[in-house]
Amino acid sequence: MQPRNMSMSGVVDLAAVKAAGEAKQKAEKARADAARTGAPAPTRLVFDVDEAGFQQEVLQRSTEVPVVIDFWAEWCEPCKQLGPILEKLAGEYAGKFVLAKIDVDANQMLFQQFGVQGIPAVFAVVAGQPVPLFQGAAPEAQIRQVLDQLIQAAEQQFGIVGAPAEAADAEGEQEEAPVPAGPYDSALAAAHEALDAGDLGGAVRAYQNVLNDDPANAEAKLGLAQAQLLERVQGLDAQQVRKEAADSPADPAAQMAAADLDLVGGHVEDAFGRLVDTVRRTVGEDREAARVHLLSLFDVIGVDDPRVVTARSALARVLF
């Protein structure tokens with residue numbers, strides 16, 4: 001059964017991500033420039049957090065970038081050794097993680113909620129879920145290794161790749177550099193037209209051609225994910241797919257096919273919830289297949305969509 005109209009326009013607007021893609025390219029350039037020149041980190045990479053701001057500054061932000069938490073106190077001598085190292089690394093990593101500093105004397109509730117046994121203590125929050133990292137004033141080389149593992153896990157398990165920082169000018173304002181127009185406008189327009197016309201093979205090839213030259217192109221990545229999804233559901237018998245999914249709740253293949261149909265039908269939360277449940281029920285290769293498929297559906301909708309943010313948090317609760 002072929003979905004009517006074979007269009008994703010009811011789920012996400014491809015054109016809406018064009019500006020976001022350009023902003024991402026600009027931000028990535030800023031990160032590369034900062035790393036090359038050794039420029040100091042913008043202050044927004046390191047910030048103090050209290051109980052009132054924890055929800056927004058840590059939990060919400062952790063759906064976009066890993067948030068490392070430094071529990072410290074003024075009287076703690078090892079904290080004074082560790083803190084500058086973490087702040088330095090936040091600058092060097094230039095947005096691959098952000099550092100939240102929590103004064104335990106002023107924020108006893110957070111101290112207790114994380115079950116901190118002693119300070120300094122370093123945790124991370126990824127997709128809303130806490131992850132203990134280490135305790136004590138660890139050497140810089142060990143901290144780098146821990147951070148690399150955290151960043152890799154955030155990207156591979158949840159598709160969270162950080163929020164590249166931009167340099168600030170002398171007055172502390174964001175410097176607005178012009179973003180050059182990309183050379184892919186006509187190629188992307190042709191790919192969009194092919195997608196809307198149901199020429200899925202042509203759309204896949206067109207988007208892939210753009211990505212071959214520009215692997216970070218957000219618009220092409222989103223379009224390719226949508227075209228591949230529509231290819232997968234072409235010719236499926238929706239009734240049979242849903243029956244197999246109902247009969248075999250732990251069968252990842254059955255659940256992935258049903259989730260594809262859910263998404264094409266505009267039932268985004270149902271698709272995501274189905275695959276999160278599948279990850280919860282399965283182990284080993286089956287669990288990995290369901291997780292990877294869920295990440296591919298995140299690409300279809302777009303990483304900034306609030307439904308993706310919610311689903312990432314749900315996935316983290318299952319995996320951690």
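**A chat about the sheet, a helix and a disulfide**

Author: Let's start in the sheet of this predicted model: strand β2 (residues 67–72) and β3 run parallel, joined by 6 bridges.

Reader: Which residue in β3 is the bridge partner of D70?

Author: That's K101.

Reader: And how does the chain get from β2 to β3?

Author: The path goes through α3, and this β-α-β crossover is right-handed.

Reader: OK, zooming out. How many strands form the sheet, and in what order?

Author: There are 5 strands in an open sheet, ordered β1-β3-β2-β4-β5, with mixed pairing. The edges belong to β1 (46–48) and β5 (129–135); each has a single partner strand, so one side of each has no neighbour in the sheet. From one strand to the next, the twist averages 25 degrees.

Reader: What holds paired strands together in general?

Author: Backbone hydrogen bonds, and the strands can be parallel or antiparallel.

Reader: Is β3 mostly covered or left open?

Author: Mostly covered: 5 of the 6 residues in β3 are buried.

Reader: Switching topic, tell me about α3. How many residues does it have, and how far does it reach?

Author: Helix α3 covers residues 77–93, which makes 17 residues, and reaches 25 Å from its first C-alpha to its last. That's close to the 24 Å expected at 1.5 Å a residue.

Reader: Which residues of α3 are buried?

Author: C79, L82, G83, L86, L89, A90, G91 and Y93.

Reader: What follows the helix?

Author: A94 comes after α3, and the phi of A94 is positive, near 50 degrees.

Reader: Remind me, what's a disulfide?

Author: A covalent bond between the sulfur atoms of two cysteines.

Reader: Are C76 and C79 buried or exposed?

Author: C76 is buried, because its relative accessible area is 2%, under the 20% cut-off. C79 is buried as well, with a relative accessible area of 5%.

Reader: Last one: why is the disulfide called right-handed?

Author: Because the torsion about the S-S bond of C76 and C79 is about 80 degrees.

Definitions and conventions:
Residues are numbered from 1 along each chain as its sequence is written. This is a predicted model: local features need pLDDT of at least 70, side-chain atom pairs count only at pLDDT 80 or more; totals for chains, interfaces and linings use all residues. Side-chain values use heavy atoms; hydrogens and water are left out. Helices (H or I, at least four residues) and strands (E, at least two) are DSSP runs, numbered from the N terminus. The expected span of a helix is 1.5 Å times one less than its number of residues. Buried means under 20% relative accessible area, exposed over 50%, partly exposed in between (1.4 Å probe, protein chains only). A disulfide is a pair of cysteine sulfur atoms within 2.5 Å. Two strands pair if DSSP finds at least two bridges between them. Axes are lines fitted to C-alpha atoms, for helices over the stretch in contact, and angles run from 0 to 180 degrees between N-to-C directions. A crossover is right-handed if, with the strands pointing away from the viewer, the path from the first strand over the helix to the second runs clockwise.
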